[in-house]
Amino acid sequence: MKEIYSVEGILKKGFVGQITYTVCLDKPFSSIDIGFKFNKRQYTPELVTPELIKEMQDSFRELYGVKRSEEEMRECILRDMKTEIHTLATLNDEFIGCIHRQLSERHMTFDKDNTAHGCIPQEKFEGVLKITLLVFNVILDGTHYELTVSGTEA
């Protein structure tokens with residue numbers, strides 16, 4: 001496979017939204033691989049400061065009426081909080097796949113016989129490929145991501 005397109009970016013803490021990249025395929029391809037990866041998926045122990053614990057305790061109390069001890073809050077932050085980004089693809093404005101798995105690196109692979117889970121087989125790829133990053137939560141500033149599209153010419 002040869003690389004067709006690549007891009008990278010940085011997301012800020014708290015970002016929620018969609019980012020769409022449009023790739024005009026200049027020739028037909030028999031298979032496509034859309035690779036996506038990002039860092040800072042979860043808090044590491046050294047990032048869980050007393051200030052963060054207090055901020056989260058206050059949020060839990062305000063939003064849910066629930067009081068958590070420092071240890072419960074620390075465990076919740078380390079175990080449950082995560083950056084969540086899904087990838088969705090369309091070809092000529094028709095849905096061809098979406099991956100919801102909580103992996104910090106994933107591939108959407110397509111050809112006429114085999115595809116990744118969540119993707120629809122395609123005879124060939126030509127026209128306009130759009131990849132949308134569905135960003136539901138970014139927990140840490142400076143979250144870096146990379147998107148790469150590779151293909152095999154038909």
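This is a predicted model: local features need pLDDT of at least 70, side-chain atom pairs count only at pLDDT 80 or more; totals for chains, interfaces and linings use all residues.
Me: How is a pair of aromatic rings described, and how many aromatic pairs are counted here?

Reply: Such a pair is described by the distance of the centres and the angle of the planes. Rings of Phe, Tyr and Trp (its six-membered ring) pair if their centres lie within 6.5 Å, and planes under 30 degrees apart count as stacked, over 60 as edge-to-face and the rest as tilted. By this rule there are five aromatic pairs. One of them is the tilted pair of Tyr5 and Tyr21, with 6.4 Å centre to centre and 50° between the planes. It links distant parts of the chain, since Tyr5 is in strand β1 (residues 2–11) and Tyr21 in strand β2 (residues 17–38), 16 residues apart; strands (E, at least two residues) and helices (H or I, at least four) are DSSP runs numbered from the N terminus.

Me: Why is the pair of Phe36 and Tyr145 tilted, and which parts does it tie together?

Reply: The ring centres of Phe36 and Tyr145 are 6.1 Å apart and their planes are at 40°, so this pair is tilted. Phe36 lies in strand β2 and Tyr145 in strand β7 (residues 143–153), so the pair ties together parts 109 residues apart in sequence. Phe36 counts as buried at 2% relative accessibility, as does Tyr145 at 5%, and ring pairs link Phe36, Phe38 and Tyr145 into a cluster.

Me: What is a nonpolar core, and which residues touch the most other members of the largest one?

Reply: A nonpolar core is a set of buried Ala, Val, Leu, Ile, Met, Phe, Trp, Tyr and Cys residues joined through side-chain atoms within 4.5 Å. In the largest core, of 28 residues, those that touch the most other members are Ile32, Ile34, Phe110, Phe125, Leu129, Leu133 and Tyr145. Strand β2 supplies the largest share of this core, nine residues.

Notes. Residues are numbered from 1 along each chain as its sequence is written. Side-chain values use heavy atoms; hydrogens and water are left out. Buried means under 20% relative accessible area, exposed over 50%, partly exposed in between (1.4 Å probe, protein chains only).
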